[in-house]
Amino acid sequence: MMDMTKKLNCFDCIVVGAGHAGVEAAHAASRLGAKTALITMSRDKIAEMSCNPAVGGLAKGQIAREIDALGGLMGLAIDATGIQFRMLNRSKGPAVQSPRAQADRGKYQKWMQHRLEKTENLTIIESTATQIRAKNSEVEAVACKDGSKCRAETVILTPGTFLGAMLYMGEHKWPGGRRDEPASDRLSDSLRRIGLQLGRMATDTTPRLDAQTVGVDRLEIQPGDESPVPFSFITDRIERPQIPCWITYTNEKIHKLLRDNLHRAPLSSGRITGTDPRYCPSIEAKVVRFADKKQHRIFLEPEEEQIKTIYCNGIFTSMPADVQGQMLRMLPGTQNARIVYYAYAVEYDYCPPIQLKPSLETKKITGLFLAGQINGTSGYEEAAAQGIIAGINAARKLEGKEPVVLRRDQAYIGVLIDDLLTKNIAEPYRMFTSRAEYRLSLRSDNADRRLTPVGREIGLVEDSRWQRYQKKIEDISRLSGYLKKTRRNGQSLWHLLKQPKNPLERDLHDMADVKKMNLQTDVLRAATIDAKYEGYLVKQAKQVAGFRNLENIKLPADLEYQDIIHLRAEAKEKLSAFRPATLAQAARIAGISPADITVLQIYLKKRAG
């Protein structure tokens with residue numbers, strides 16, 4: 001460990017926190033040439049999967065593949081350490097199909113740690129950040145608990161759930177950001193002193209069980225896919241054996257137990273004031289909210305390849321230990337289970353993201369970027385997405401380059417960040433496919449075609465990945481051309497693929513001419529989807545073009561909305577608070593009407609002279 005007490009350490013970029021956001025931020029910034037420091041309490045906790053040992057899921061799988069397409073680490077890490085891979089929504093259309101994988105949580109953490117340790121321009125510092133220092137509204141340095149200080153022009157703050165954090169289990173309450181890890185209290189005070197506003201949010205975890213004491217013989221098995229689809233576009237195939245998960249269900253006895261003890265659960269009793277996640281609720285909240293349901297599905301998921309511990313996905317709770325024990329004794333499959341770790345809730349500080357620019361730089365302090373749960377999000381994937389964007393833009397700021405801002409029609413990452421900037425985030429934000437109005441084109445299968453050129457232009461996509469991508473694009477073009485010019489019964493093969501349940505889709509890879517092309521499976525799938533979605537995508541492209549005009553109209557950061565005479569009072573208030581970067585972003589703020597946008601357009605034209 002570096003001795004920081006003898007000298008002031010100078011860097012281009014400092015990343016505080018080594019969770020999923022911090023990992024991607026530090027990797028991106030250093031890869032782009034910034035001399036970067038990653039400050040973490042322990043290098044052995046880098047990319048710790050403190051909650052669910054999994055990557056992906058509905059909409060989250062798209063985000064993970066987008067991170068990979070840009071040149072990030074998450075996809076490669078899960079491909080190397082995953083123990084079960086599944087493509088969700090296989091029976092539905094490609095637009096809502098999402099990859100998900102269980103990870104060996106220990107191997108995932110070690111893979112990320114080793115990758116960062118080998119990354120050039122990156123120094124890992126084991127310490128606890130206590131203060132963000134700024135001068136004249138510009139970030140200046142990070143001070144640590146041991147008395148040392150690191151100076152940098154850019155700082156990316158990714159503290160996860162550690163800011164001013166308290167842990168709860170029933171009647172017990174103690175400081176901590178994660179099980180057996182201390183909170184970061186002084187950092188919250190530091191942010192307030194430099195002018196940032198903070199709020200409170202909460203989340204909860206699930207019990208972990210000794211796998212040897214769980215009886216799965218009579219439970220429903222959830223296997224992995226026979227032909228696993230990798231997350232990374234540069235992973236050829238997943239050849240490891242798939243580890244099963246199991247499904248069980250709660251019952252009315254469990255529901256009664258939980259209802260009878262609601263007064264002992266901090267998330268339900270009101271002892272926790274922070275808002276908990278609506279879309280990943282505690283089991284006691286589900287029992288109350290869905291009182292008509294006689295059972296709730298619980299997934300028993302292994303946390304490692306050797307199946308030593310089981311993660312009880314669905315039993316998120318803040319109930320006391322004795323109630324957790326009783327509940328598990330009533331749950332089929334866990335009647336005799338030994339609890340390795342009890343579930344707990346965590347309440348923590350966050351910074352309402354209205355204080356951010358689209359680059360994830362704070363409006364108040366130049367050079368200070370925020371990423372992850374500090375911005376009010378939940379989930380590894382949402383955090384990692386913000387991390388890579390913050391890392392990219394911190395490095396670009398050092399070089400005087402324009403920030404990278406992904407559009408809503410370009411990536412789920414663009415939807416995520418735009419939502420953070422235009423919605424009042426009062427509860428942990430989670431991504432869903434329904435949040436993306438352009439989800440027909442924001443598919444998991446085409447994330448590389450949407451974002452690899454962006455990653456290449458930025459400088460994160462290396463030559464080998466770029467060459468592989470170019471060959472794929474050439475192969476898709478070659479196959480598409482063949483399908484459009486080859487006819488059967490008077491119709492092109494391309495047109496036949498548009499028809500639902502046409503056997504051509506299934507038989508395409510067996511056709512002699514196609515076999516001669518020696519194409520990869522992903523190329524065949526890409527061309528097939530392109531044919532099926534062609535008409536829809538043409539219509540969507542026209543919609544995007546219409547909105548693009550508004551996206552191109554910038555709103556000055558110092559615009560005095562109160563001086564715009566014909567603007568409604570509510571619009572003046574909302575626009576002054578949110579400070580949107582473009583006219584299109586202004587239109588997405590709740591309470592802003594089309595008439596308000598027209599007033600703004602007229603005002604901007606007059607102002608331009």
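Me: Is Gln109 buried or exposed?
Reply: Quick background: this is a predicted model, where local features need pLDDT of at least 70, side-chain atom pairs count only at pLDDT 80 or more, and totals for chains, interfaces and linings use all residues. Residues are numbered from 1 along each chain as its sequence is written, and side-chain values use heavy atoms, with hydrogens and water left out. Buried means under 20% relative accessible area, exposed over 50%, partly exposed in between (1.4 Å probe, protein chains only). Gln109 comes in at 5% relative accessibility, so Gln109 counts as buried.

Me: Which residues is Gln109 in contact with, leaving aside neighbours within four places in sequence?
Reply: Contact means heavy atoms within 4.5 Å. With those neighbours set aside, the partners of Gln109 are Arg43, Asp44, Lys45, Ile46, Ala47 and Glu48.

Me: What separates the C-alpha atoms of Gln109 and Met49?
Reply: Along the chain, the two sit 60 residues apart. Between their C-alpha atoms, the separation is 7.4 Å.

Me: At what angle do H1 and H10 pack?
Reply: Axes are lines fitted to C-alpha atoms, for helices over the stretch in contact, and angles run from 0 to 180 degrees between N-to-C directions. Helix H1 covers residues 20-31 and helix H10 residues 380-398, with their axes 7 Å apart. The angle is about 25°.

Me: What is the mean pLDDT of the protein chain?
Reply: pLDDT is the predictor's confidence in each residue, from 0 to 100. Here 98% of the residues reach 70 or more, and the chain's mean pLDDT is 93.

Technical notes
Helices (H or I, at least four residues) and strands (E, at least two) are DSSP runs, numbered from the N terminus.
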